[in-house]
Amino acid sequence: MKRKSRLAAWLLAAGVGTLAASGVASNAARAEDGAAALAGKTCGTLESRVAEIPGSGPVFLRSYDSSFGVGQTSELPLREAAFTYDNALAVIALVACGKTEPALRIGESLLSAATLDRARRQGRLRNTYRAGAQNQKPIPPNGWWDVTANRWFEDAYQVGSATGNVAWAGLALMTLGEATGEERFRNGAAELARWVVANTADPRGPGGFNGGVQGFDDKPQPLTWKATEHNTDLVALFGWLERSGTPREGGGDWAGPEKAARGFLDRMWADGGGHFPTGTAPDGVTVNRATSGLDAQLWPLLLRGAPEAWRTALDYAEKAHGVDGGFDFNDDRDGMWVEGTAQAALVYRLLGRSDDAQRLLAEVGKEVSRGGHVWATREDSITTGLAIGPDSTTDDFRYYRRPHLAVTAWTALAAVGWNPFTGERVK
């Protein structure tokens with residue numbers, strides 16, 4: 001109320017009529033109320049999905065919601081899939097919503113999976129687990145029974161370990177460590193960070209860290225490209241570990257890995273000329289200029305101490321990715337990527353552009369499904385310009401109009417005003 005009163009007083013002192021001042025204050029109040037309502041919806045949805053799983057033990061949430069008969073996917077690999085990235089975001093969003101207990105149920109699963117993988121590798125997380133209560137140790141990756149083939153299947157991507165997904169799980173554990181004061185969560189995050197350093201560091205070209213590992217345990221495929229997105233995640237994780245004083249196994253600190261990831265971003269920035277390329281080609285050296293990624297423009301701006309010069313990446317995103325209602329993932333602008341639009345709203349809030357943030361949140365709010373999850377796209381599907389995996393012969397990775405966990409979590413973060421890279425509220 002004090003901020004609104006100051007605004008009204010300024011308008012009156014400047015000679016603006018009472019009616020005009022009242023209108024401005026009224027519009028601001030409506031925008032704030034809209035954000036609060038959206039936060040309530042999405043926070044409530046996340047909390048209810050955890051509560052639906054009986055008991056009080058560890059859980060993973062299904063990534064694709066099918067409540068009220070909406071959004072059901074016929075694809076067996078996705079029907080019960082709980083993607084690590086999505087669940088990590090749900091943890092962070094629940095803490096931001098003030099709902100630590102349900103966040104802990106998901107966090108316990110992430111911590112257990114990080115402590116011991118089925119291949120007996122500490123710190124390795126798979127990209128996808130099976131949704132529901134997690135009573136088996138070690139927690140197995142997602143799989144499904146194919147009745148026609150009469151056998152069990154797993155997916156090469158889902159059993160792999162993408163660097164960015166591991167980093168986001170580490171950020172979720174750091175968030176829980178801050179929220180609870182329990183050191184075991186920070187130690188779990190350190191296990192994940194150690195795995196990343198040991199398995200994905202790549203000094204070639206711009207340095208930094210590569211994409212991780214894909215494929216089955218007997219024939220793992222290194223992902224030798226490097227992503228701006230992944231290295232941004234790692235700057236946040238390594239920096240948070242360093243600030244918290246969490247020890248690094250074998251001595252040393254986290255400043256070295258943080259510097260390596262940050263060095264990659266600086267090289268990408270220099271090569272982008274005012275924006276961030278998506279990363280490198282599989283040679284780990286050549287800058288990938290074939291497509292543009294919205295998250296590569298937005299996420300670096302959420303980092304603690306991000307240079308002011310990087311803000312031109314947002315200007316670039318507005319021109320190259322802007323569509324009616326929000327933003328597209330890539331620069332072909334074939335539709336609205338709702339998750340990225342929520343991310344942009346959070347960046348606008350961080351940069352003090354509250355009107356732009358509220359405008360985007362109002363658009364995202366139109367995409368809440370009957371089940372409470374937020375639709376991933378406004379159109380039936382949109383392109384990304386990226387390939388699903390190393391064996392793809394086309395840019396076959398697309399986003400589809402399905403109610404999705406990560407989109408819901410990002411919407412909650414933007415509506416609440418919470419920076420997942422720092423564990424702090426934004427204005």
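Author: Helices and strands here are DSSP runs, numbered from the N terminus: a helix is a run of H or I with at least four residues, and a strand is a run of E with at least two. The model is a predicted one, where local features need pLDDT of at least 70 and side-chain atom pairs count only at pLDDT 80 or more, while totals for chains, interfaces and linings use all residues. Residues are numbered from 1 along each chain as its sequence is written, and side-chain values use heavy atoms, with hydrogens and water left out.

Let us begin with the sheet. Three strands form an open sheet in the order S7-S8-S9, with antiparallel pairing. Strand S7 (161-162) and strand S9 (221-223) are the edges; each has a single partner strand, so one side of each has no neighbour in the sheet. Two strands count as paired if DSSP finds at least two bridges between them. Between S7 and strand S8 (residues 212-214), which run antiparallel, there are two bridges. Ser161 has Val213 in S8 as its bridge partner.

Now look at Gln214, which also belongs to strand S8. For accessibility, buried means under 20% relative accessible area, exposed means over 50%, and partly exposed lies in between, with a 1.4 Å probe and protein chains only. The relative accessibility of Gln214 is 9%, so this residue counts as buried. A contact means heavy atoms within 4.5 Å. Setting aside residues up to four places away in sequence, Gln214 touches Ala156, Tyr157 and Gly160, then Lys219, Pro220, Gln221 and Leu223, and also Ile388, Gly389 and Pro390.

Leu76 is 93 residues from Ala169 along the chain, and their C-alpha atoms are 25 Å apart.

In the loop between strand S4 (132-133) and strand S5 (144-146) you will find Pro138, which is joined to Lys137 by a cis peptide bond with omega of about -5°. The loop between S5 and strand S6 (151-153) holds Asn150, and Val147 is found in the loop between S5 and S6 too. Asn150 has a phi near 60°, a positive value in a residue other than glycine; with 54% relative accessibility, Asn150 counts as exposed. Val147 counts as exposed because its relative accessibility is 67%.

Arg333 lies in the loop between strand S11 (326-327) and helix H12 (338-350), and counts as partly exposed at 46% relative accessibility. Thr394, in the loop between strand S13 (381-386) and strand S14 (397-400), is partly exposed as well, with a relative accessible area of 49%. The C-alpha atoms of Thr394 and Gly352 are 40 Å apart, for a sequence separation of 42 residues.

Finally, here is the whole around that part. The protein has 14 helices and 17 strands, and its C-alpha trace spans about 75 × 50 × 45 Å along the principal axes. The radius of gyration is taken over C-alpha atoms, and the globule rule is 2.2 Å times the number of residues to the power 0.38. For 427 residues a compact globule would have a radius near 22 Å, and the 21 Å of the protein agrees with that. Of the 427 residues, 54% are buried. Contacts between residues at least 6 apart in sequence join residues at least 24 apart in 65% of cases.
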